[in-house]
Amino acid sequence: MAAPKKTSSMSRNKKIGNAVAYLVLILISLIWLFPFFGLVMQSFRSFASEYGGMVSYIIPKHFSLDNYKFLFSGETNYLRWYGNTVIIAGVTAVLQTLVVLCVSYVLSRMRFKGRKFLMRFWLILGMFPGFLTMICMYFLLKQFGLTQQGAVPGLILTYIASCGMGYYVCKGYFDTIPKSLDEAARIDGANNFQIMNLIILPLSKPIIIYTALTAFMAPWCDYIFASYVAFGTDKSYNVAVAMYRWVNTNDYQGYFTRFCAGGVLVAIPVTILFMALQKYYVEGVTGGAVKG
């Protein structure tokens with residue numbers, strides 16, 4: 001008779017532990033989401049009906065779409081800035097994904113002299129922060145006219161320049177795919193490109209989506225390097241640089257709610273992407289961490 005009581009006690013303790021864990025996670029989630037909730041609420045506060053700057057309350061007394069209407073009006077270049085950001089992030093995501101997939105495939109499936117040295121060398125280079133090259137990169141881009149008016153192609157070139165060194169997760173995922181598939185394909189007369197295109201990539205959907213998402217996120221949210229390259233020319237800004245200069249050079253009190261509205265519009269595409277592709281994103285991370 002002691003066994004059922006012991007099982008019942010363990011089940012009760014497990015339920016209590018799960019309840020406490022869920023409460024803690026809910027509390028952490030509320031704390032984490034509170035700034036975003038405040039950002040959304042402030043974006044619906046009208047400057048005409050309420051004071052446009054900082055206030056002591058979160059939920060607006062009068063909801064309004066005036067801030068969003070202002071962004072899409074002819075009084076600002078927000079649509080141009082948003083378009084620049086979409087072009088930079090989209091092109092970077094496509095090109096960077098192609099480069100990373102090719103490099104990862106070569107390092108995972110092929111054996112050649114200097115392969116291990118190259119991997120270790122890239123690993124060491126990756127330990128140095130990219131900020132160390134910012135000044136050098138700026139002067140190099142300036143020589144080719146890829147700053148100010150040419151900031152959009154300049155930023156794209158910068159983001160994809162050394163992306164091949166980020167092969168770690170993708171290579172780890174490719175390592176989990178049996179090499180016997182490659183051998184069977186070679187017996188049938190397939191070359192390396194056909195093996196990669198017809199066999200490896202169809203089995204690697206999670207890691208492809210993971211690589212594309214991470215490649216998209218970096219330029220979409222970048223401010224530091226973009227502020228070095230895109231300056232002095234309003235039409236070449238991305239959203240991050242433009243909105244900072246927007247509130248910094250204009251009336252901060254009046255433009256704060258408009259700044260919040262712009263931030264909400266920036267967050268929408270990323271949120272939709274992660275919600276729609278969350279399954280593949282998690283599979284890509286966990287699958288690529290199995291083997292190195």
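**Notebook: charges in a predicted model**

I looked up K116 and found it exposed, because its relative accessibility is 54%. My cut-offs are under 20% relative accessible area for buried, over 50% for exposed and partly exposed in between (1.4 Å probe, protein chains only). This is a predicted model, where local features need pLDDT of at least 70, side-chain atom pairs count only at pLDDT 80 or more, and totals for chains, interfaces and linings use all residues. Residues are numbered from 1 along each chain as its sequence is written, and side-chain values use heavy atoms, with hydrogens and water left out.

I placed K116 in helix α4, residues 115-126. Helices are DSSP runs (H or I, at least four residues), numbered from the N terminus.

Next I turned to salt bridges. How many does the structure hold? I found 2 salt bridges, each a side-chain nitrogen of Lys or Arg within 4 Å of a carboxyl oxygen of Asp or Glu.

D182 pairs with R109, with the closest N and O atoms 2.9 Å apart. D182 sits in helix α8 (residues 180-187) and R109 in helix α3 (residues 78-109), so the pair ties together parts 73 residues apart in sequence. I noted D182 as buried at 3% relative accessibility. R109 is buried too, at 11%.

K171 and D175 form a salt bridge at 2.8 Å, N to O. Both lie in helix α7 (residues 168-175), 4 residues apart, about one turn of the helix. Buried or exposed, I asked of K171? K171 is buried, because its relative accessible area is 4%. D175 is buried at 10%.

Definitions and conventions
Helix = DSSP H or I, 4+ residues; strand = E, 2+ residues; numbered from the N terminus.
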